[in-house]
Every structure is written in C-alpha cells, then in structure tokens.
Amino acid sequence: MKLRSIKYLFFSVVIVAAAAFGFMTWKKMFEVKIERTHQALTNQVLQVAELTAIKNSYSDIISIKKSAAGGMAKSYAIIKFSGVIRIGVEDLTKSKVEISPDGKSVEITIQHCSIIDNTLVSQEVFDEKKSLFVPITTQEIFDEINMAMADYGLAAERNGLVKEADERLVELVTATVKGFGFEKVQVKLN
C-alpha cells in the first residue's frame, strides 16, 4: 500500500511537471514578439536665439480626385491635416542694444517678425477610393498638403498676423527690459 501511494505520488509529480513544461513550451511558441529598432539618423545641437511672438494652430480638409479619360476609373481621397505656424524673430543676436549714459533708458533695434516655421502636426485619411488605373500616390497627398500649408503661410501674412506678431514682439521686449529696471524702453523694428 505504501509502495502504491509512492507510485501515485511520483506519477502525479511527473504529470504536473509534464503539464507545466507543456504549458511553458506552448506559451513560448505562440508568444507575440515585437521587435523595435531605433536608429538615430541625425543628432545636431544648435544654439539659437529665437523668439516666437505668435503661434497659430490650424487644420483643414483637402480632397484629391483623379479620373481616367472618359470617367471610367476614379480615385479620391479626403485628408484632414493640422499644422502650426510660428511667427517671430529667427535670430535675436542681430539685435542692437544702446543704453543711455545715465543707465535709465535703453533703445533696442530688432528685426521685423517673419514666419519662422510652418510645421505639419498630424494628418488623417478620412475617406478613400482607390483605382488601379488612376492611383493617388502618397507623394501626391504630401504635395497637396504642402501647397495648403504654403497657402496658410501666405494667408497669415495677408491677414495681418505678421504685423500682429510685430506688435506683440514690441510688447514682450518692452515688458521684459523694463523688468531689468530701465525707466524708458524704446523698441524699434528694423
């Protein structure tokens, strides 16, 4: 009887060990493995003296339609994108500062504001129909987005956003320099 219970105990341990081994093997075989690689293509540290006076976020929807002669084959894509235009002074090191002999007033000459950057933040394809005969390429989508972004840059200039950035720049510089204890601050745009 004792020998029989030892056999059952031994047999039970072997079965549990085999089941554990089988479970671990099964888990390893069907485990999802994700391999991530990262390669730094460029790494530059640039010293800048840049001042952004206005940051304008925008979004738009563009549609691209193509059709073959006779209208038999058609493709279209509707894409929503968003971007950010930053307007300010790209290089403040070109500014001139003249302090009066008594140290109570200062005159600062700074460049006019311009569009520093117009960056694509996101894009999303809403609707798409592809045709083998008249495909819409990824390059065509990016070209259309780039044209729309350039239009937003021109619109920012036409609608007075750059002029508004100049006014904001004068306010920012004046307030900052007055914080250093100067009684009179004059900011000129060059």
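1. Helices here are DSSP runs of H or I with at least four residues, strands are runs of E with at least two, and both are numbered from the N terminus.

2. A word on what we are looking at: this is a predicted model, in which local features need pLDDT of at least 70 and side-chain atom pairs count only at pLDDT 80 or more, while totals for chains, interfaces and linings use all residues. Numbering runs from 1 along each chain as its sequence is written, and side-chain values use heavy atoms, with hydrogens and water left out.

3. Now the pairings. Strand 4 (residues 105-110) runs parallel to strand 6, with six bridges, and Val106 stands opposite Val185 of strand 6. Strand 3 pairs with strand 4 in the antiparallel sense over four bridges. Thr109 is a handy landmark: Lys96 is opposite Thr109 in strand 4, and Thr109 is itself opposite Lys188 in strand 6. The hairpin of strands 3 and 4 has five residues between the strands, and Gly103 takes a positive phi near 75 degrees there.

4. The 18 residues of helix 3 reach 26 Å from first to last C-alpha, close to the 26 Å expected at 1.5 Å a residue; the expected span is 1.5 Å times one less than the number of residues.

5. Which residues of helix 3 are buried? They are Leu161, Val162, Ala165, Asp166, Leu169, Val173, Thr174 and Val177. Buried means under 20% relative accessible area, exposed over 50%, and partly exposed in between (1.4 Å probe, protein chains only). The cover over these buried residues includes strand 1 (51-67), strand 2 (74-89), strand 4, helix 2 (138-158) and strand 6. Thr174 counts as buried because its relative accessibility is 18%. Thr174 also touches Val185 and Val187, leaving out residues up to four places away in sequence; contact means heavy atoms within 4.5 Å.

6. On to the aromatics. There are two aromatic pairs in the structure. The rings counted are those of Phe, Tyr and Trp (its six-membered ring), with centres within 6.5 Å; planes under 30 degrees apart are stacked, over 60 edge-to-face, and the rest tilted. Tyr58 and Phe81 are edge-to-face, 6.4 Å centre to centre with 85 degrees between the planes. Tyr58 is in strand 1 and Phe81 in strand 2, 23 residues apart, so to speak linking distant parts of the chain. Both Tyr58 and Phe81 are buried.

7. Why does the pair of Tyr58 and Tyr152 count as stacked? Because the ring centres are 4.2 Å apart and the planes are at 15 degrees. Tyr58 lies in strand 1 and Tyr152 in helix 2, so this pair ties together parts 94 residues apart in sequence. Tyr58 is buried at 7% relative accessible area, whereas Tyr152 is partly exposed at 26%. Ring pairs join Tyr58, Phe81 and Tyr152 into a cluster.

8. The largest nonpolar core has 30 residues, and Ile87 and Cys113 have the most contacts inside it. Such a core is a set of buried Ala, Val, Leu, Ile, Met, Phe, Trp, Tyr and Cys residues joined through side-chain atoms within 4.5 Å. Strands 1, 2, 4 and 6 and helices 2 and 3 each give two or more residues to this core. Leaving aside neighbours within four places in sequence, the contacts of Ile87 include Ile54, Cys113, Ile116, Ala156, Leu161 and Ala165.

9. Last, a loop residue. Ala73 is in the loop between strand 1 and strand 2. Is Ala73 buried or exposed? Ala73 counts as buried, at 9% relative accessibility.

Conventions: Pairing = 2+ DSSP bridges.
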